[in-house]
Amino acid sequence: MSTEALVLSTILVPLGAAALCILVPERVKWVREALALAATSLGLWFAIALFMAPDASFGVAWLPYGMSLDFRVYHFSRFLVLAAAGFS
């Protein structure tokens, strides 16, 4: 998996799982819990892979006049992502 995909999946997996958990009715609580557990485990795996990867970045042109949306992963931010995923 490329480092760009790791950066995006670290962000998009929790968002997608949260959206799915909202859509699941409360009567089937075990589905929500299983989905949350799977998303947390997958997020931890992505965080470990991102922690061991070299410096990663992802950028996309967002607004005109040269403005872009950039996500960059350095040593300290890797540690923070890993700690947040580990504590979750």
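1. G59 has D70 of strand 2 as its bridge partner. Strand 1 (residues 56-63) and strand 2 (residues 67-73) run antiparallel and are joined by seven bridges; strands pair if DSSP finds at least two bridges between them. Helices (H or I, at least four residues) and strands (E, at least two) are DSSP runs numbered from the N terminus. In this hairpin, three residues lie between the strands, and Y65 takes a positive phi near 65 degrees.

2. The model is predicted: local features need pLDDT of at least 70 and side-chain atom pairs pLDDT 80 or more, while totals for chains, interfaces and linings use all residues. Numbering starts from 1 along each chain as its sequence is written, and side-chain values use heavy atoms, without hydrogens or water.

3. R78 is found in helix 3. With a relative accessible area of 10%, R78 is buried (under 20%, 1.4 Å probe, protein chains only). A polar atom of the R78 side chain lies 3.1 Å from the backbone oxygen of A53. Beyond its neighbours within four places in sequence, R78 is in contact (heavy atoms within 4.5 Å) with L50, F51, A53, P54, D55 and V73.

4. The largest pocket has a volume of about 360 Å³, taken as the space filled by probe spheres set on the grid points. A pocket is an open set of points on a 1 Å grid where a 1.4 Å probe fits, with protein on both sides within 12 Å along at least five of seven lines; lining residues have an atom within 4 Å of a point. Among the 19 lining residues, T10, I11, P14, V81 and A85 are the closest to the centre of the largest pocket. Helix 2 gives the most to this lining, with seven residues.

Technical notes
Buried < 20%, exposed > 50% of the residue type's maximum accessible area, 1.4 Å probe, protein only. Polar contact = N/O pair within 3.5 Å; in protein donor to acceptor, adjacent residues only side chain to side chain.
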